[in-house]
Amino acid sequence: MSRVWQTAPVRPAVARDPRARMVDIPVWLQRLLYLALVGSALVSVIYVGEFSPLPMTAILDAWVLLLAAWIFVRGRIRAHLMLVVLAAYVATRIIGALLEQPPLEDLLQAHRWLVYLVVFAMARGHRWSRTDLLHRLAWWLIALATIKSILTTALLGPDERPGLFLENNFELALFTALAAVVHRQNAPYRFWLVVLLGVLTVLSGSRSGALTYLVLVVYALWSSRSSDVFMKYLASLIPLAAAALPWFVFQARAAESRVIDRVQFFEVLQKETANWGWMQRLFGTPPITPLSAGACEDLSYYERLFSSAGDGQCYSVILHSFAMRLYYDGGVLALLLALLVPVVVMHMSRVSWTLIIVLMSIATINSLSVSGLNNPYVALPILLAVLTAPNLKTSPLRSEAPPRTPQQPFVPLEGAFR
């Protein structure tokens, strides 16, 4: 008598959803950032003609550090190799600082960008669940900043440029990059958010802000899909109008001075690095090496940016541009680190390449103007892009085809913010 062995039916292998392995950021942390920014913005609107009375940079830095502390204690670290590389570079800067013994405040101020890179790497594998908060945050910040700019222009004249939080060059990078992060999830009203930001950019008079806005417009058009022939024709004309905005801002600012201050900073940097060898060009100077006495004298107009020690010496921060400061302090290696780490982390976090290019373009433009990735206004949107990328719909992994179900009408981004 033959035996019949019963075997369980083999189930088709179903690929795991990568989002299932994500660790959600606590809702209270998400709400804390939302309330801190919106609350500070409401306070600032009252102070027409002045910057915010609140220490906004410190507030944002405190939230970033709080997030890093939570990830370290309760989260799940995944980017181990990236963190090892960053730790090794930080160690070289610490050793150099022990030899040079620069003022501690200047040392920490110049290396905040390294803290942001570490937090980017730590944030990989974590998820921001309340994307509706970011959607509303973008509207609140851009609307309140526009209201304050209109009030300032009406009451004090067009020459006044006080921002909602800080100087326009800084906060416009935050507003523009945040609008880019939420753009694809803000389908019904994203066009009007871009228009409102354009009004704010014109009122601000910021040259770097005008260039970053042009980047956003190109991204918005690239991300939009329309079968309407008229809309496609209209969309082809929008970049021309958007390109006129930076020209208008540059022309308006040209009357202020005959020489752009960044050109003067670049000339000083060229003189300071004229005799560098290939080692210095690759690794920069020991942190933080003072500029020559002649350079400090040439830039005496910016004396408030001299050393916190008050000894008459000046450091790379006086060059204003993060790209120039980074090259002087850390050479080509530091420039590559600041550029590649955010790109690699965002790519590994499944951020789309178009958004990566947009965010890094905004960071680069800001770095050529002011402190770039060394401030939270540029770093925060990159961090939010890493955290929100897992919420975006991705193409399903190949698996056994499931039984067909009746096809439902397609509703774009239905329930995206529930």
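The legends below describe close-up views of a predicted model. In this model local features need pLDDT of at least 70 and side-chain atom pairs count only at pLDDT 80 or more, while totals for chains, interfaces and linings use all residues. Residues are numbered from 1 along each chain as its sequence is written, and side-chain values use heavy atoms, with hydrogens and water left out.

**View 1. Packing of helix 6 against helix 7.** Helix 6 (residues 131-156) and helix 7 (residues 168-183) pack at an angle of about 150°, with their axes 10 Å apart; axes are lines fitted to C-alpha atoms over the stretch in contact, and angles run from 0 to 180 degrees between N-to-C directions. Helices are DSSP runs (H or I, at least four residues) numbered from the N terminus. Helix 6 contributes L134, H135, L137, A138, L141, I142 and A145 to the contact, and helix 7 contributes F175, L178, A179 and V182, where contact means heavy atoms within 4.5 Å. The residues of this contact comprise ten nonpolar, one polar and no charged (Ala, Val, Leu, Ile, Met, Phe, Trp, Tyr, Cys and Pro count as nonpolar, Asp, Glu, Lys and Arg as charged, and the others, Gly among them, as polar).

View 2. S349 is found in the loop between helix 14 (322-348) and helix 15 (353-369), and S349 counts as buried because its relative accessibility is 6% (buried means under 20% relative accessible area, exposed over 50%, and partly exposed in between, with a 1.4 Å probe and protein chains only). Leaving aside residues up to four places away in sequence, S349 touches R124, V386 and A389. R350 is partly exposed, with a relative accessible area of 49%.

**View 3. H320 in the loop between helix 13 and helix 14.** H320 lies in the loop between helix 13 and helix 14 and, although not a glycine, has a positive phi of about 70°. H320 is buried, at a relative accessible area of 18%.

**View 4. The cis peptide bond from P287 to I288.** The peptide bond from P287 to I288 is cis, with omega near -20°, and I288 lies in the loop between helix 12 (278-283) and helix 13 (293-298).

Methods
Helices (H or I, at least four residues) and strands (E, at least two) are DSSP runs, numbered from the N terminus.
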